[in-house]
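Thanks, everyone, for making the time this morning. I would like to walk you through the side-chain contacts of one model, taking the aromatic rings, then the charges, and then the nonpolar cores.

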Amino acid sequence: MPRAFDPGQRRDAFARYDGLAHARELAGQPLDPGFWSFMLGDVALAHIIGLGDDPRAVELLAMVRRVLAAAFSSDVAITTLTASLGPFHVSQGLRTLALAEWIATSEPQVLWFERALTAQARCFAVTTARKKPSLQFNVFPVIELACAARKFEQARAFLTRILPDKKFEPTRACTVAELTLALADGAPDPVGLAERFLRANLSTALEGGCYEHAAMCLHLASVAGLPGTARALLAGATKYVNYLAPAPARAPAKRAARAAPKHAPPPAPTHPRTPRVIASSEGYAQALAQALGQSTAPREPLWKQTADGWAVRAGGFELPADRAVLEARAPDLIELASGHMPLSAKQLPRLLRATLDGAGLSALARTDEPVALEVAFAHEVDNWWEGRRVQSPPRLARKAWADALAVHALTRLRALSFDATETDKDRLARGSRPYEPAPAWFWASRLAAQLEAVEVLASPHDLAVWLPVLDALPRLREVILHFHLEGAIAHLWFERRDGRLRGLLQSFKAPTSAPWDTLLEVALTRPFTERLDEINVAVEATVADEAAIRGVVGRHAAVGEVRLGATLREL
């Protein structure tokens with residue numbers, strides 16, 4: 001899966017760029033069109049990230065132009081190369097030369113693109129002689145070159161002949177075929193169509209490292225009438241990538257007002273919150289034996305009975321025998337950890353804890369009578385590194401969570417889990433703004449106003465962002481944060497007592513490594529630690545250097561008790 005395109009990371013990597021030496025070496029060798037296409041991609045990337053004037057990019061562009069112009073100096077030379085390399089590589093080389101000349105001069109390169117189109121059409125005929133043409137790999141390359149050569153009607157005739165039943169929508173301009181047909185039709189707003197085409201295609205090209213193709217997309221946009229020189233279009237490419245486009249200005253005061261609670265929560269329960277029954281580490285030995293082929297006994301459903309009732313963990317209840325047991329014990333079931341809700345709310349009158357996402361909670365919220373549910377904790381998956389299951393909570397989505405946010409029958413819900421990890425695209429879209437563990441519409445909901453605890457799978461962030469949340473939600477007492485770290489999970493748990501905060505750091509192994517130190521430096525900043533009395537440390541391992549633990553954690557906050565061989569606390 002392509003990652004986000006991060007201009008900052010690309011600039012840092014370009015500082016170590018060493019492709020120029022290899023290009024100098026191959027400049028005197030037999031022509032390799034694929035290599036020079038890749039080199040032009042490096043030139044395009046340099047312009048996109050603001051380094052087009054770097055001497056290495058300038059020299060490389062000149063070298064691409066010189067080598068390819070010499071190779072394709074005449075029709076005879078092109079014919080000779082076609083016989084030796086084949087029409088595909090010749091078309092690739094001619095296309096690269098045309099784009100290089102466009103970047104250098106900003107002048108239309110109709111002649112070079114016409115020659116590339118001739119070679120690509122011949123390649124198409126050979127490739128599709130015995131098989132059905134691929135839209136992406138056979139048809140679109142021909143249409144791209146026809147559009148670049150301004151042969152719009154020729155492109156229309158080609159599409160009609162090759163794909164007589166294919167319906168394109170020129171007004172969408174999401175593909176090169178649609179853009180070309182729109183230009184053939186004399187679209188009234190070609191610039192708008194060009195920008196729509198770029199928004200639909202540039203991010204994919206940049207994320208996949210196809211920088212030469214990104215340059216081609218920008219050239220096609222210029223053919224459609226998008227103003228600007230080639231270099232200016234390349235330099236402005238990122239504004240067509242949604243997560244890199246400048247974010248509109250926001251009004252902080254209004255945003256803060258929206259985040260404030262607007263609803264009076266129901267009366268606070270007087271009894272303690274129902275604790276976890278089946279720990280995440282239970283059943284690990286059986287799971288490991290199965291993974292090693294040492295056991296064929298089913299590992300789930302895993303049942304456990306307490307004085308208060310039954311608890312179960314299962315991926316599902318498809319087998320009739322499992323279903324029968326579930327239905328028999330349903331009236332006394334208090335904890336359900338499953339991938340879905342197997343029974344109705346009426347069949348589970350005492351259910352206090354369940355792994356439910358927004359859709360599941362909304363379904364419960366729509367029931368006629370208040371439900372007993374107190375905790376919606378995270379679904380979990382195996383983590384062989386730590387010998388336990390780790391949290392895999394649901395993402396917040398306004399539509400799926402709508403009824404749950406309005407509470408309705410969820411008047412007793414006191415704690416829930418959600419996933420707030422950032423993707424690379426999220427991080428780039430956020431820019432310099434602070435990390436947000438949840439959107440403002442969540443904190444302003446009736447549901448948030450009645451919560452006592454939230455459990456969040458998060459990206460590393462400054463915990464000071466939680467202080468306004470705690471100030472705005474007087475009932476919220478506990479925040480449990482999980483961070484991916486070194487193939488394992490780091491746990492930070494802090495709770496409010498008499499206006500002050502107490503913390504608990506939990507880990508499978510001693511939190512003394514460099515990644516731990518980096519995480520704590522990001523999370524435990526001065527604005528947060530000024531309201532933090534101390535932080536205790538619980539390590540599941542029985543052997544660890546307590547002095548080293550205190551040294552690492554103590555650099556960031558006051559350390560209280562350090563316990564080894566501890567049982568990790570869970571929501």
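In this structure, which is a predicted model, there are 9 aromatic pairs, and I will go through two of them with their geometry. For Phe14 and Tyr17 the ring centres are 5.1 Å apart and the planes meet at 10°, so this pair is stacked, and both residues are buried. For Phe494 and Phe528 the centres are again 5.1 Å apart, but the planes stand at 75°, so that pair is edge-to-face. Because Phe494 belongs to strand E11 (residues 488-497) and Phe528 to helix H24 (residues 526-529), the pair ties together parts that lie 34 residues apart in sequence; Phe494 and Phe528 are both buried as well. Beyond these pairs, Phe418, Phe442, Trp443 and Trp466 form one aromatic cluster.

Rings also meet charges here. The charged end of Arg329 sits over the ring of Trp303, 4.7 Å from its centre, and Lys166 lies over the face of Phe168, at 5.9 Å from the ring centre.

That brings me to the salt bridges, of which a search of the whole structure finds 39. One of them joins Arg3 and Asp424, with the closest N and O atoms 3.0 Å apart, and it links distant parts of the chain, since Arg3 is in the segment before helix H1 (7-14) and Asp424 is in helix H19 (residues 424-430), 421 residues apart. With a relative accessibility of 53%, Arg3 counts as exposed, whereas Asp424, at 23%, counts as partly exposed.

Finally, the nonpolar cores. The largest has 94 residues, and within it Phe5, Trp36, Phe72 and Leu198 touch the most other members.

Note on methods:
Residues are numbered from 1 along each chain as its sequence is written. This is a predicted model: local features need pLDDT of at least 70, side-chain atom pairs count only at pLDDT 80 or more; totals for chains, interfaces and linings use all residues. Side-chain values use heavy atoms; hydrogens and water are left out. A nonpolar core is a set of buried Ala, Val, Leu, Ile, Met, Phe, Trp, Tyr and Cys residues joined through side-chain atoms within 4.5 Å. Buried means under 20% relative accessible area, exposed over 50%, partly exposed in between (1.4 Å probe, protein chains only). Rings of Phe, Tyr and Trp (its six-membered ring) pair if their centres lie within 6.5 Å; planes under 30 degrees apart count as stacked, over 60 as edge-to-face and the rest as tilted. Helices (H or I, at least four residues) and strands (E, at least two) are DSSP runs, numbered from the N terminus. A charge sits over a ring if NZ of Lys or CZ of Arg is within 6 Å of the ring centre and within 35 degrees of the ring normal. A salt bridge is a side-chain nitrogen of Lys or Arg within 4 Å of a carboxyl oxygen of Asp or Glu.
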